[in-house]
Amino acid sequence: MIRHSILAAGLILGLLTEVSAQQKVGYVDTDYILDRMPEYEGIQQKLSAISVEWKQQLDKLDAEIEQLKADFRAKKVLYTEKQKEGKQQKIAAKVKDRQQYMQQKFGSEGAYFKKQKELLKPIQRTVFDAVNAVADRGNFDFVFDRAENTGLLYGNDEFNLNEEVLQEIGITLKE
């Protein structure tokens, strides 16, 4: 698996070297750009506020589960088998409720990621439009994203378009 990844990375770098000799290539780091956009910080704060509220609810459910478990352990010897089974089912139901809440709020299709996508869409459009404008103006054939979870392994600073994209958006950095 690692050998395939290294081979693929080598092939990509080889192709990029070949392409860059014939065509103009640049890159941006969208994480870098987003971190410098004031509206992105506002979005992060909104998402943080939402997640804090939901995490508090999860903490409350955790406390309820722990209380049920502690009560069960403390009184286990006093319960009949039927009562024990009922208490264990109640604990299991509360654990299931917590899991469902967690999935509903933070799962891959959960409310947090839907809200994140909704809030980020306009800012992503702004960055995309700015990258396109810079690429068109500079006659770039390819512009890659060097953000944390993308595939660009190396980029010469000569081809870094971050500052131009930020200027296109209207953000000037202090030296």
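**View 1. How much of the protein is tucked away.** In this predicted model, buried residues account for 27% of the 175 residues in the protein.

**View 2. The chain from start to finish.** You can count 6 helices and 2 strands here. Walk along from the N terminus and the elements come in the order α-β-α-α-α-α-β-α. Now look at the contacts with a separation of 6 or more: 77% of them join residues 24 or more positions apart.

**View 3. Inside the largest nonpolar core.** This core has 26 residues, and Ile33, Met37, Ile123 and Val165 are the ones that touch the most other members. As a rule, nonpolar side chains in soluble globular proteins tend to be buried together.

**View 4. Zooming in on valine 165.** Leaving aside residues up to four places away in sequence, valine 165 touches Val28, Ile33, Val127, Ala130, Val131 and Val134. Its partner Ile33 is another of the core residues that touch the most other members.

**View 5. A buried charge at aspartate 29.** Find the loop between β1 (25–28) and α2 (30–35), and you've found aspartate 29. Aspartate 29 is buried, yet it has no salt bridge. How far away is the nearest side chain of opposite charge? It belongs to arginine 146, 5.9 Å away, while a salt bridge needs the atoms within 4 Å. Setting aside residues up to four places away in sequence, aspartate 29 touches Asp145, Arg146, Ala147 and Asn162.

Note on methods: Residues numbered from 1 in each chain as written. Predicted model: local features only at pLDDT ≥ 70, side-chain atom pairs only at ≥ 80, totals over all residues. Heavy atoms only, no water. Helix = DSSP H or I, 4+ residues; strand = E, 2+ residues; numbered from the N terminus. Buried < 20%, exposed > 50% of the residue type's maximum accessible area, 1.4 Å probe, protein only. Contact = heavy atoms within 4.5 Å. Lys, Arg positive; Asp, Glu negative; His and termini not counted. Core = buried A, V, L, I, M, F, W, Y, C linked by side-chain atoms within 4.5 Å.
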